[in-house]
Amino acid sequence: MSDKRFIDLAVEGVRDLAPYQAGKPISELQRELGIDDIIKLASNENPLGPSPKVIEVVKQLADDVGLYPDGNGFDLKRRLAEFHELPLQQITLGSGSDHILELIARVFLGEGRSAIISQYAFAIYAIVSKAAGATLRVANAFPEGHEKAYGHDLDAMFALIDETTRVVFIANPNNPTGTYASGQELKAFMDRVPKDVVVVLDEAYTEYVDAEDYTDGSELVKQYDNLILLRTFSKAYGLAGLRVGYALSNPVITDLLNRVRLAFNPNLLAQAAAVAALADREHMERTVALNREGMQQMQAAYEALGLKYIPSVCNFITVDVGDGKAVFDALLAQGVITRPLAPYGMPKHLRISIGTHEENQRLITALRKVLAR
Ligand code: PMP
């Protein structure tokens, strides 16, 4: 059968999808360039890695990987329930929050239904919505010149809601822009949204935010039963390679999500690692402090280089380098992996994660060289 025929066999929503473009792995650049000294500032991972306590737990459990994990994730759910002061019945575990986004689409989206996102929103929302057969509506982000340029315009998103709308995705803060909506803006939005529209509040970077007017969503879940809050262990907790995320939502939505969740996610190592990571608050403090210093270092560097960047509350900065693709390639040749944003309709920008002090310095030196050409 010809390739075209197979494509025609796919369900409609999948036919026009482009796969998610992840950050380039270090091993791939090693193969391509034959160099060893590579740093990756492309996927917003924790430059400190996981807590040492996580590493201990993973080593201890190596002998047990012949066993299935607890399909219900009881221990991790119990710790999360304590952490958020919510009952177990309000927690859904997933292999990364990506996995839970997919569960949400399976449960609430499909033909004849619509989902709403913002321009420049995290790319997976569009993929899971379209794959489920739903119509995607994209609200313009705040324009250049606005104090929250590139950020989600919640009024514009609200204006797109109609009787077909089942899900609104809000990343707070958003990747790849690093922008956020204040607690007040969010509450005003939740107060207006029809109760039969599910709002997904994705807080993958919440641990890093120290803006005074930011409110994290754990309180909002208790107030609004149409809110699903998403968190991940991939960023500040440093467990990206293990794939663990979770959702908090009212018990009925939680039950629905768990009906389509395949058993045994997250895996055995991931569940135990997440328990250990959650308990190590010191590692979290070190992580956040290192990020704060790195942010200052990088903002000063971008200003010195005369580069415009989008103010960020996360662990990355999105910076206008003129020709994103050319600068991305030139940095690769120097062994520095960043993230080009053409797939987000931002061809002039690179998204660059905050690393250790030394990694940041190496990026600055490489960037200075590349831009001087
Ligand atoms: N949401 C946002 C906003 C993200 O940036 C990411 C990671 N890039 C995710 C969700 C998914 O993270 P994970 O699947 O690793 O939990």
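The largest pocket is lined by 28 residues, and Tyr20, Ala123, Ile127, Pro343 and Tyr344 are those that lie nearest its centre. Strand E3 (114-118), helix H7 (124-131), strand E4 (135-139) and strand E12 (339-340) are the elements that give two or more residues to this lining, with H7 giving the most, 3 residues; helices (H or I, at least four residues) and strands (E, at least two) are DSSP runs numbered from the N terminus. The structure is a predicted model, in which local features need pLDDT of at least 70 and side-chain atom pairs count only at pLDDT 80 or more, whereas totals for chains, interfaces and linings use all residues. Residues are numbered from 1 along each chain as its sequence is written, and side-chain values use heavy atoms, with hydrogens and water left out.

A pocket is here an open set of points on a 1 Å grid over the protein atoms alone, where a 1.4 Å probe fits, with protein on both sides within 12 Å along at least five of seven lines, and its lining residues have an atom within 4 Å of a point. The volume of the largest pocket is about 580 Å³, a volume being the space filled by probe spheres set on the grid points, which are joined across faces, edges and corners. Its lining divides into 19 nonpolar, 5 polar and 4 charged residues, where Ala, Val, Leu, Ile, Met, Phe, Trp, Tyr, Cys and Pro count as nonpolar, Asp, Glu, Lys and Arg as charged, and the others, Gly among them, as polar.

The second largest pocket holds about 480 Å³ of space and is lined by 27 residues, of which Tyr20, Ser43, Asp98, Phe122 and Lys235 lie nearest its centre. Helix H6 (residues 97-108) supplies the largest share of this lining, 3 residues, and by class the lining comprises 11 nonpolar, 8 polar and 8 charged residues.

The ligand takes up the space of the second largest pocket, a molecule being placed in a pocket if more than half of its atoms lie within 2 Å of the grid points. The residues around the ligand (a heavy atom within 4 Å) include Asp98, Phe122, Asn175, Asp202, Lys235 and Arg243, and the whole shell has 3 nonpolar, 5 polar and 4 charged residues. Of the 400 Å² of accessible area that the ligand has on its own, the protein covers 94%, as given by the Shrake-Rupley method with a 1.4 Å probe.
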